[in-house]
Amino acid sequence: MASTSSSSTIDCDVVVVGGGNAGFCAAISAVQSGSGKVLLIDKCPEEWAGGNSHFTAGAFRTVHHGLKDIIPLVNNVHTGTANIIDLAPYTRDDFLADLSRITYGRFEPELGKTLIEESNDTVKWLARNGVRFQLSFNRQAYKIDGRFKFWGGMCLKTEDGGKGLILDHQRAARKHGVTVLYSTAAKNILLDSRTGAFKSLLASDKGGNSLLINARAVILAAGGFEANSRMRSQYLGPGWDLAYVRGTPYNTGECLEMAIRDVSAKQVGQWSGCHSVAWDANAPANTGDREISNEFTKSGYPLGITINNQGERFFDEGSDIRNYTYAKFGRAILAQPQGTAFQIWDSKSIPWLRDEEYRDEIVHKIRASTIEKLAQKCAQSYGLENPRQFVETVKEYNNAIYQHRKEFGDLKWDPAVKDGLSTQSSEKSLKVPKSNWALAVDEGPFLAVKVGCGVTFTFGGLAIDPKTAGVISLTGRTVPGVFCAGEMVGGLFYENYPGGSGLTSGAVFGRKAGINAALHSAGKAVGTTQRVLSRL
């Protein structure tokens with residue numbers, strides 16, 4: 001039977017594959033750097049625009065010099081409020097120490113250095129492009145003794161989270177004349193047989209029609225493989241095909257495989273690692289919800305305890321500030337029987353839970369007047385298999401806290417710092433400690449929420465030159481005209497990541513890829529210093 005599909009050709013200076021934060025940063029940067037015709041393609045339909053970035057809370061981790069450096073960027077702080085904010089500077093050394101500690105020193109040094117050193121300037125560049133930043137009072141500050149205390153090395157988010165970020169990027173892209181084609185999937189990268197440089201990108205539309213895109217440079221920013229259950233099981237390990245997908249269902253890894261196949265791209269980073277969080281067990285399994293979005297995240301675990309369906313605690317809920325633990329605890333939950341657990345609080349800590357994650361309209365709450373009744377409810381309808389052990393675990397946890405208070409009665413509970421309130425004392429210590437913010441779970445009413453593992457993005461990816469964002473081949477040389485940014489970049493995160501680093505990385509290397517793709521398109525040497533003139 002004869003094929004009914006047709007083909008067409010587009011000529012441009014730079015083509016960007018992927019329409020999330022990194023892709024839009026790359027496209028806008030390329031235009032600002034002199035490329036006259038920039039095309040961005042994304043295989044998702046337009047109603048799914050934004051990739052994983054749409055589903056984020058819009059958090060950006062950046063070096064800054066304190067409140068005076070941040071105030072000009074945000075739109076939600078008035079003079080009266082500014083006077084009651086405690087926001088310490090976050091230095092390059094602070095960022096480097098956090099990245100080193102959280103990744104166990106495994107990150108590629110020059111890649112991390114570039115992320116850190118260019119974070120502040122890149123955030124300010126985004127603001128000039130029209131990205132609306134705010135101080136993240138709801139996620140990164142507690143009001144203690146009448147003052148907003150920011151914690152965890154992070155303070156910035158975008159207005160309306162990831163949704164607002166993508167709207168701002170789309171607005172800037174239109175203003176810069178970037179052409180965007182949705183429902184258009186990249187299929188093959190074609191190199192010049194003589195020079196080995198990028199020549200064309202073969203793509204197809206939703207009707208199966210072929211599209212040949214001739215350009216001087218391509219920027220790959222199409223995300224990881226977290227929405228591909230086969231690749232999750234293959235690379236992350238057994239059981240990962242059962243994890244919940246937090247974001248877009250369109251990040252399925254084809255562009256990673258395309259780059260590896262067509263340009264012999266070098267593979268780096270932790271291919272067995274990913275960003276994964278405590279996720280509402282009642283959420284859709286294979287895709288995020290574009291309206292509810294990040295509200296399915298359940299990051300209130302430092303305020304209570306987490307118990308598996310055998311009635312046992314299995315991780316230290318207070319080991320560190322939430323920003324430094326939430327991206328790895330999804331893995332811990334997935335490793336439990338049935339891959340689920342219960343987050344537990346009493347009346348002391350329930351008021352501290354963030355409304356956007358725990359409001360009644362979003363989450364199914366299990367309530368009871370006593371721990372015994374809470375265990376019964378969890379067993380009757382929610383999969384708890386050992387309610388007796390559940391009760392014993394809570395009692396043992398409470399007794400450990402009572403002993404700690406006798407020995408360290410001068411300590412004060414403070415959720416904005418590592419306060420030292422724990423389960424470990426000379427009289428009694430738990431096998432699984434809680435190292436900070438340990439309050440007894442002993443005052444009813446009590447609340448439980450069932451959670452699973454939500455996978456956000458994968459850590460394995462392509463090797464790039466940190467100075468240019470050029471893709472490195474197996475020969476150790478960059479492939480002329482091929483660049484990469486965002487979650488397709490490997491070598492930056494291992495086992496875990498400092499919260500807010502993902503969007504910052506996408507912006508830093510997306511901007512850099514755009515600059516150098518434009519230079520290559522114009523026949524200039526990439527990596528040379530060039531001032532980026534905004535056309536906004």
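This is a predicted model: local features need pLDDT of at least 70, side-chain atom pairs count only at pLDDT 80 or more; totals for chains, interfaces and linings use all residues.
Local features were taken at pLDDT of at least 70 and side-chain atom pairs at pLDDT 80 or more, whereas totals for chains, interfaces and linings use all residues. Residues are numbered from 1 along each chain as its sequence is written, and side-chain values use heavy atoms, with hydrogens and water left out.

Helices (H or I, at least four residues) and strands (E, at least two) are DSSP runs numbered from the N terminus, and two strands are taken to pair if DSSP finds at least two bridges between them. Three strands, in the order S5-S8-S7, make up an open sheet with mixed pairing. Its edges are strand S5 (85-86) and strand S7 (141-144), each of which pairs on one side only. S5 and strand S8 (residues 147-150) run parallel and are joined by two bridges, with Ile 85 opposite Phe 148 in S8.

A further open sheet, also of mixed pairing, contains six strands in the order S10-S3-S2-S14-S24-S23. Strand S10 (179-181) and strand S23 (470-472) each have a single partner strand, so that one side of each is left without a neighbour in the sheet. The twist from one strand to the next averages 35°, angles running from 0 to 180 degrees between the N-to-C directions of axes, which are lines fitted to C-alpha atoms, for helices over the stretch in contact. Within this sheet, strand S14 (residues 217-220) runs parallel to strand S24 (residues 478-484), the two being joined by three bridges, and Ile 219 stands opposite Phe 483 in S24. Helix H14 (residues 501-521) lies across strand S2 (14-17), S14 and S24, and runs at about 145° to S24, contact meaning heavy atoms within 4.5 Å.
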